[in-house]
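Subject: Structure for your review

Dear colleague,

Please find below the structure I promised to pass on.

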Amino acid sequence: MDKLAEGYGLIEGPVWDDERGLIFSDVVFGGVFALSPTGEVGQIFEHRKGIGGMVLHEAGGLVVSGRNIAFKPFQGAVTQIILDRDEAAGNLGYNDITTDALGRIYAGSLGTSTVFEDDRKPQPGDLYLIDRDGSARVVGKDIRLTNGLGFSPDGTVLYHSDSQRKSVYCYAVLADGSLGDKQRFVTVDEGIPDGLVVSEDGRVWVALAGGGGVGVYDPRGNKTDLIELPQAMCTSVCFGGRDRKTLYMVTGSENLGSDDRDGAVYSVRVDVAGVPVTPARVKLGV
């Protein structure tokens, strides 16, 4: 295992880009960064805090979550909001996001703030589907604290972390992107489930925040491995490298209310490739 970068408050949203390397955000102190394949870290976007999830977009940029779902082009053009929050309806923003093989976006909404102080009574969030024409609809409900999202290799199952329930759920995926009934896939016994990814053999790799590593589960929900980290707060995971056999694991400071910058990026080589995450193909405004 290698420690590749450090000095961040809370790293989230890791996504692999063959050109730029591992892209990640710092939720607490802001900014989006890229760790190049040769080991240098550069900043892609400044300022914005609270980005919990990111995916590439075919137009050349990132779709990011947070107070809204927005497209941020790499070349510095104006940010476009794809799906806004609705505070009056209890939607305070969004956390993890992913795409299916068609480039549709799935995004979990937040009924309460995950990092910054919020004195409102916690409310469950929803799971949204943003279709390629830009329309959005709710396809899942009653997620107490939405986190990692990932598809099975054949795209017929969506996995979804609900951190407050300490569980990862799964849904059957229908042709139009709608989801079947929510089924419990696994309840974790160490820490809480955060970000997740799926490998080509169907295993689900779950960041265990507070659990000190990444739990690995077979398609039946049996735990087959635990990849231990020297830090307890593992927040997310991502397969990368050109063969997608490098597992990147990102962490955050345990004391999020402080100025601690203990968040770091680790990597380890594994024996199976990750399921590729298709760039978003959602329509953008002119």
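Which side chain does D243 meet in a salt bridge? The partner is R269, with 2.7 Å from N to O, where a salt bridge is a side-chain nitrogen of Lys or Arg within 4 Å of a carboxyl oxygen of Asp or Glu. The pair links distant parts of the chain, since D243 lies in the loop between β22 (234-240) and β23 while R269 belongs to strand β24, 26 residues apart; strands (E, at least two residues) are DSSP runs numbered from the N terminus. D243 counts as partly exposed at 36% relative accessibility, whereas R269, at 51%, counts as exposed. Here buried means under 20% relative accessible area, exposed over 50%, and partly exposed in between (1.4 Å probe, protein chains only).

Before you read further, please note that this is a predicted model, in which local features need pLDDT of at least 70 and side-chain atom pairs count only at pLDDT 80 or more, while totals for chains, interfaces and linings use all residues. Residues are numbered from 1 along each chain as its sequence is written, and side-chain values use heavy atoms, with hydrogens and water left out.

By the salt-bridge rule the count comes to 15. One of them joins E58 and R281, whose closest N and O atoms are 3.8 Å apart; this pair also links distant parts of the chain, with E58 in the loop between β6 (54-57) and β7 (61-64) and R281 in the segment after β24, 223 residues apart. E58 is exposed at 54% relative accessibility, and R281 is partly exposed at 31%. R85 and E87 form another salt bridge, at 3.2 Å from N to O, and D17, E19 and R20 are linked in a network of such bridges.

There is also a negative surface patch, formed by E254, D259, D260 and D262. Patches of this kind are made of residues with over 30% relative accessible area and no salt bridge, like charges being joined within 9 Å. D260 sits in the loop between β23 (246-251) and β24 (263-269), and D260 counts as partly exposed because its relative accessibility is 31%.

As for the cysteines, a search of the whole structure finds zero disulfides, a disulfide being a pair of cysteine sulfur atoms within 2.5 Å. C238 is in none, and the nearest cysteine sulfur, that of C234, is 12 Å away. C238 counts as buried because its relative accessibility is 5%, and C170 is buried as well, at 17%.

Key: Patches are made of residues with over 30% relative accessible area and no salt bridge: like charges are joined within 9 Å, nonpolar side chains (Val, Leu, Ile, Met, Phe, Trp, Tyr) within 5 Å. Accessible areas come from the Shrake-Rupley method with a 1.4 Å probe; for residues, only the protein chains shown count as cover. Lys and Arg count as positive and Asp and Glu as negative; His and the chain ends are not counted. The place of a charge is taken as NZ of Lys, CZ of Arg, CG of Asp or CD of Glu. Helices (H or I, at least four residues) and strands (E, at least two) are DSSP runs, numbered from the N terminus.
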